[in-house]
Amino acid sequence: MTTPPTQSPLEIPGFTHVYSGKVRDLYEPDGRDDQLLLVASDRISAFDFILDPPIPDKGAVLTQLSLWWFEQLADLVPNHVVSTDVPEVVAGRAVLVRKLDMVPVECVARAYLTGGGLREYAADGTVSGLSLPSGLRDGDRFDEVLFTPSTKAPMGEHDEPMSYGAVEAEVGPELAATLRNLTTRILGRGNEIAGKRGILIADTKVEFGLDPAGALVLADEVLTPDSSRFWPADQWEPGHTQPSFDKEFVREWLLSPESGWSKASGEAPPALPAEVVERTRAKYVEAYERLTGKTF
Ligand code: Q0N
């Protein structure tokens, strides 16, 4: 099932629109087939809905954060970025990238127990098939970062957990081991850096591709609030759902009586009030500024 984007894609001179995801859009430069323009929109999702209105500057903040992380990770893995010299209409929120042969696995690493990992643990005491000690709580930190891959589901469907053996069968044991190693090291490095700035990164999803020479390259976005769970370190308290760094106000308002919306209704949520939009924008900017030490 694919939910068609509500917004028609932007006209970008010199580029042809090729794909729209929930939050990002892909364009191909006219006259070359070895690059793509990856454009981050200001769209925000919660409870599996794209909300209205968009969050001003979200696309630019997340693009700049991803670029900063690519630099922090450059000694671990090469990345797909070619240039940030992009058309004026998408300045600051787009990157020109190398077109890769994408690896058909969502590479997820988890440093803390929550979300889908917690659901599997509650059901059978494992996370991604690995037996864990009993008594772990929502938000507990693992002794070591786990690799918990999933399938890449089409838009509108949920990614399904994939066993490590299924990854080996899909891409071969050598590439599977490299994906596991790189994905867990990316989250490990992310937490070394973010921890000093008061942010915990509970888990993250990264995507890799192979370049024409067969080298593995980090693609998509990396260690952003859209691909990861960021938690404020000073509020970390295992035993309950941790506050989400970025979407706390959005979720809180949608679930409150003020919104008049019921999650169980299946209806699209109402438009966010200006105050919720502004406070959410401020959280994205805060994450960027705390992590990078730069002013947005
Ligand atoms: C690619 N996706 C999934 C857009 C991004 N460097 C690349 N080369 C070839 N294909 C892709 C990339 C990248 N990045 C990645 N689709 C195509 C991520 N999507 C999700 C939706 O928004």
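Me: Is Tyr-164 buried or exposed?

Reply: This is a predicted model, so the answer is a computed value. A residue is called buried when its relative accessible area is under 20%. Tyr-164 has 18%, so Tyr-164 is buried.

Me: Which ring pairs with Tyr-164, and how are the two planes set?

Reply: Two rings pair if their centres lie within 6.5 Å, and planes over 60 degrees apart make the pair edge-to-face. The partner here is Phe-147: the ring centres are 6.3 Å apart and the planes stand at 80°, so this pair is edge-to-face. Phe-147 is buried too, at 6% relative accessibility.

Me: Where do Phe-147 and Tyr-164 lie in the fold?

Reply: Phe-147 belongs to strand E12 (residues 141-147) and Tyr-164 to helix H3 (residues 164-171). The pair therefore ties together parts that are 17 residues apart in sequence.

Me: What sits over the ring of Tyr-164?

Reply: The charged end of Arg-180 does, 4.0 Å from the ring centre. A second case of this kind is found at Phe-249, where the charged end of Arg-279 sits over the ring, 3.9 Å from its centre.

Me: How many aromatic pairs does the structure hold?

Reply: There are seven aromatic pairs. One of them joins Trp-68 and Trp-69, with 5.0 Å from centre to centre and 65° between the planes, and is edge-to-face. Both of these tryptophans, Trp-68 and Trp-69, are buried. Aromatic rings can also be read as groups: Phe-47, Phe-49 and Trp-261 form one cluster.

Me: Which polar atoms lie by a nitrogen atom of the ligand?

Reply: For His-80, a polar side-chain atom lies 3.1 Å from a ligand nitrogen. For Leu-100, a polar backbone atom is 2.9 Å from a nitrogen of the ligand. For Asp-220, a polar backbone atom is 3.1 Å from a ligand nitrogen.

Me: How much of the ligand does the protein bury?

Reply: Start from the ligand taken alone, which exposes 480 Å². The protein buries 84% of that area.

Me: Where is Glu-221, and what does Glu-221 touch?

Reply: Glu-221 is in the loop between strand E14 (216-219) and strand E15 (228-232). At 10% relative accessibility, Glu-221 counts as buried. Leaving aside residues up to four places away in sequence, Glu-221 touches Arg-24, Ser-66, Asp-226 and Ser-227. The Glu-221 side chain also makes a polar contact with the side chain of Thr-224, at 2.9 Å.

Me: How should I read the backbone angles?

Reply: Asp-48 is found in the loop between strand E4 (45-46) and E5, and is partly exposed at 47% relative accessible area. Asp-57 has a positive phi as well, near 75°. This residue, Asp-57, is in the loop between E5 and H1 and is partly exposed at 30%.

Me: Which peptide bond is cis?

Reply: The bond from Asp-52 to Pro-53 is cis, with omega near -5°. Pro-53 is in the loop between strand E5 (49-50) and helix H1 (58-72).

Me: How far is Pro-53 from Pro-270?

Reply: Distance can be counted along the sequence or through space. Pro-270 and Pro-53 are 217 residues apart in sequence, and their C-alpha atoms are 9.6 Å apart in space. Pro-270 lies in the loop between helix H5 (248-255) and helix H6 (274-292), and is partly exposed with a relative accessible area of 27%. Not counting residues up to four places away in sequence, the residues that Pro-270 touches are Asp-52, Trp-253, Leu-254, Ser-259 and Trp-261.

How values were computed
Residues numbered from 1 in each chain as written. Predicted model: local features only at pLDDT ≥ 70, side-chain atom pairs only at ≥ 80, totals over all residues. Heavy atoms only, no water. Phe/Tyr/Trp six-rings, centres within 6.5 Å; stacked < 30°, edge-to-face > 60°. Buried < 20%, exposed > 50% of the residue type's maximum accessible area, 1.4 Å probe, protein only. Helix = DSSP H or I, 4+ residues; strand = E, 2+ residues; numbered from the N terminus. Lys NZ or Arg CZ within 6 Å of the ring centre and 35° of its normal. Polar contact = N/O pair within 3.5 Å; in protein donor to acceptor, adjacent residues only side chain to side chain. Contact = heavy atoms within 4.5 Å. Areas by Shrake-Rupley, 256 points an atom, 1.4 Å probe, with all protein chains shown as cover.
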